Amino acid sequence: MTDLDDAPWLTLLGWGEGGTEGLTAASRDALENAELVFGARRHLRLLPPLAAEVREWPVPFADGIPQLLAERGRRVVMLVSGDPFWFGAGTSLVRQLSPGEWRASPAPSTFGLAASRLGWPLEGCTCLGLHAKPLTRIRPHLHPGRRLLVLLRDGEAVSELAGWLARFGFGASRLHLLEALGGDGECIRSVRADVTLPDDIAHPVAVGLEVAGEGPALPLTPGLADEFFDHDGQITKQAVRALTLAALAPRAGERLWDLGTGSGSIAIEWLLAHPDNRALGVERDAGRAARARRNAHALGVDWLEVVGGDALAMLEAGALAEAPPPEAVFIGGGLSQALLEALWRRLPAGVRIVANAVTLESEALLAHWHQRAGGELLRLELASAAPLGTRRGWKASYPIVQWRVSR
């Protein structure tokens, strides 16, 4: 046994539908010696009689954190589902704690239990926790033949997920409904996404999803087809977008400013590159800004932040002036000498800047800045086959001049 005087005051105790069954000796010891036990209502109902005070964790989750922190100095146990740091509550809690204040005793995660019930290799599954997140976040992962394990808030969310699958063209996918895993009420049922689902799905629920159907899967390389985006013509076209993303070179966890975001296509593909990426789009046209938000939601990257207004004004005294600095900036609209001067003056060293120009005036501006600041200047000329009388010929697009440079 651990000396209670030397032990951290808080224990994050992995908990499942089996209650105390399967707990390690250390976990049982922490529970028996606790002065206070926190937990969700569904966790507390599985507790054996204890000498400790038992307190229900409030909803929303964040409201309980001050209550927990106020108990420093007591021996506190918090019951958390499965593994506290695998889409669990532990991640949110330890942000408020210092090293040495807590210890964790994980139990098998719902993902692990689900994979073991279905006989799926966990390392080959995509695992998503969508309790409180938009279900459209599943969109980038819909590739026929792939297996997903998805945690959902309740049975209504399962029906909503099935509806999205059908809307995206993946109604033929098979849903394995995994309810109350590890408990006496464990239940596993399978059904296609495009049929009527059971109306008695019990929480907690996970879904094992075998993706199938004829819906368009999102490619893994940059340059989505233009048809994936709702737009009014104000969009960086597919081939140019692919080259622009290559120039921006997104890396995991980086932030982009997309100035003149239009349909949001550049920012959206930046976010699709990695789930930890962030992007801020600036668009002066309110209709286009709203469209960019809708596109982001539909393509599973709802965390795109779009603000309305003039990029130069916002850089000087607005949202951009207060925003976290980016690692990369794309100028898709509103290119001007004043904007480049402001960016050069305000951005920290090392920021990657990419600007595309179509008009002679903006091309001349980029040529001037290339001479002044260096970088790489490219002229992109594209043509596509089109009818030419009874035959075919090349129809050229306006050439694009692209400048990329590190500040």
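Student: Which order do the five strands of the open sheet have?

Tutor: Strands of a sheet pair through backbone hydrogen bonds, in either a parallel or an antiparallel sense. In this predicted model, which numbers residues from 1 along each chain as its sequence is written, local features need pLDDT of at least 70, side-chain atom pairs count only at pLDDT 80 or more, and totals for chains, interfaces and linings use all residues. Side-chain values use heavy atoms, with hydrogens and water left out. The open sheet of five strands runs E3-E2-E4-E1-E5, with parallel pairing. Helices (H or I, at least four residues) and strands (E, at least two) are DSSP runs numbered from the N terminus, and two strands pair if DSSP finds at least two bridges between them.

Student: Why is one side of E3 and of E5 left without a neighbour in the sheet?

Tutor: Strand E3 (53-56) and strand E5 (102-105) stand at the edges and have a single partner strand each, so one side of each lacks a neighbour in the sheet. On average, neighbouring strands are turned by 20° against each other, direction ignored. Axes here are lines fitted to C-alpha atoms, for helices over the stretch in contact, and angles run from 0 to 180 degrees between N-to-C directions.

Student: How many bridges join E1 and E5?

Tutor: Strand E1 (residues 10-15) pairs with E5 in the parallel sense over four bridges. Thr11 has Arg103 as its bridge partner in E5. Helix H1 (residues 25-32) lies across E1, strand E2 (36-39), strand E4 (76-81) and E5, at about 125° to E1.

Student: Which residues have the most contacts inside the largest nonpolar core?

Tutor: In soluble globular proteins, nonpolar side chains tend to be buried together. A nonpolar core is a set of buried Ala, Val, Leu, Ile, Met, Phe, Trp, Tyr and Cys residues joined through side-chain atoms within 4.5 Å; buried means under 20% relative accessible area, exposed over 50%, and partly exposed in between (1.4 Å probe, protein chains only). The largest core has 28 residues, and those with the most contacts inside it are Trp257, Leu259, Leu320, Val329, Ile331, Leu335 and Leu343. Helix H12 (337-346) is one of the elements that supply at least two residues, and H12 gives the most, with five. A second, separate core of 26 residues includes Leu130, Ala157, Phe170 and Ile201.

Student: Is Leu271 buried or exposed?

Tutor: Leu271, in helix H8 (residues 265-272), is buried, with a relative accessible area of 1%. Beyond neighbours within four places in sequence, Leu271 is in contact (heavy atoms within 4.5 Å) with residues including Val301 and Trp303.
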